[in-house]
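Student: I would like to learn how to read a structure that is new to me. Could you take me through it feature by feature?

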Amino acid sequence: MLRWIALILIVILIGLQLKLWTGSGGMHEVQTLRASVQKQAGENDKLLQRNQALAADVSDLKHGEQAVEARARAELGLIKPGETFYQVVERPAGSASSPPPASDGGGH
């Protein structure tokens, strides 16, 4: 009789172990969810930093005239009345490294 009880308990234990390792809500699913939570936490940190930078930008634009002026100059190319605008045009990369063409000094 005691053997049968021990055998039944062992079978139940094996069944519970199988459910724990392979069933729904088992260890594999828990590991997958933990990895997913860590990935989401990293994304949340990046978004939090971006939101803090945007909030600082908004605060500067609301309270500082210099920030508005700097943004208007950089993004819109605006200038103040009385200022002179100079535009510097860079040479193309190919022509900047090659020397100017040599003149042959008088038609030989």
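This is a predicted model: local features need pLDDT of at least 70, side-chain atom pairs count only at pLDDT 80 or more; totals for chains, interfaces and linings use all residues.

Student: How many helices and strands are in the protein chain?

Tutor: Helices (H or I, at least four residues) and strands (E, at least two) are DSSP runs, numbered from the N terminus. Here the protein chain has four helices and zero strands.

Student: What share of the residues counts as buried?

Tutor: Buried means under 20% relative accessible area, exposed over 50%, and partly exposed in between (1.4 Å probe, protein chains only). Of the 108 residues of the protein chain, 2% count as buried. Leu 16, which lies in helix 1 (residues 2-22), is exposed because its relative accessibility is 53%.

Student: Which side chains meet in a salt bridge with Arg 73?

Tutor: Side chains of opposite charge can pair when their charged atoms come close. A salt bridge is a side-chain nitrogen of Lys or Arg within 4 Å of a carboxyl oxygen of Asp or Glu. Arg 73 meets Glu 69 at 3.2 Å, N to O, and Glu 83 at 2.8 Å, N to O. Salt bridges that share partners join Glu 69, Arg 73, Lys 80 and Glu 83 into one network.

Notes:
Residues are numbered from 1 along each chain as its sequence is written. Side-chain values use heavy atoms; hydrogens and water are left out.
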